[in-house]
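I opened the notebook today to look up surface patches and charged contacts, and I keep the entries in the order in which I checked them.

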Amino acid sequence: MSVASLRPSHPLRAAVSHPLVRRLGRALAVGVGGVLVVVGAIGAVLPGHLGAPVLALGLVISLRSSFRARRQFVGLQRRHPKILFPVRRLLRREPEVAPVAWQALLRMERRVLPRRWRVAVKLRRRFWR
């Protein structure tokens, strides 16, 4: 046995590793993630607001800290794959933010504006071809 093994561990590390503190931290992370998910979902529906990145950040926080949230997300993903596909693209290691934002803009334009006022598709066809 060495002298280093007899020395008590750091008091802060011992306090943080306590099961009650870990549970409280996990609950706090799930709560913050849930708030961000709600704000992002509301923002994703509003025209002109890109709430999908905020929604993805909230999902990352809550899915990493809650097994129950992961199960619910997988169930929603199976039931509504078209709705959750942009969110899944933002949850990847190297998220594709620009294409997701472009698709959100096109979707918002399609829902809000009449066909003759839509500009985004015309701009893309004019400048990127």
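Entry 1, ground rules. I am working with a predicted model, in which local features need pLDDT of at least 70 and side-chain atom pairs count only at pLDDT 80 or more, while totals for chains, interfaces and linings use all residues. Residues are numbered from 1 along each chain as its sequence is written, and side-chain values use heavy atoms, with hydrogens and water left out.

Entry 2, salt bridges. I searched the whole structure for salt bridges (a side-chain nitrogen of Lys or Arg within 4 Å of a carboxyl oxygen of Asp or Glu) and found two. Glu96 pairs with Arg89 at 2.7 Å, N to O, and Arg92 pairs with Glu96, their closest N and O atoms being 3.7 Å apart. Through shared partners, Arg89, Arg92 and Glu96 join into one network.

I took buried as under 20% relative accessible area, exposed as over 50% and partly exposed as in between, with a 1.4 Å probe and protein chains only. Arg89 counts as buried because its relative accessibility is 10%, whereas Glu96, at 30%, counts as partly exposed.

I looked for patches among residues with over 30% relative accessible area and no salt bridge, joining like charges within 9 Å and nonpolar side chains (Val, Leu, Ile, Met, Phe, Trp, Tyr) within 5 Å. Arg22, Arg23, Arg26 and Arg70 form a positive patch. Val119, Leu123, Phe127 and Trp128 make a nonpolar one of about 460 Å².

Terms used:
Accessible areas come from the Shrake-Rupley method with a 1.4 Å probe; for residues, only the protein chains shown count as cover. Lys and Arg count as positive and Asp and Glu as negative; His and the chain ends are not counted. The place of a charge is taken as NZ of Lys, CZ of Arg, CG of Asp or CD of Glu.
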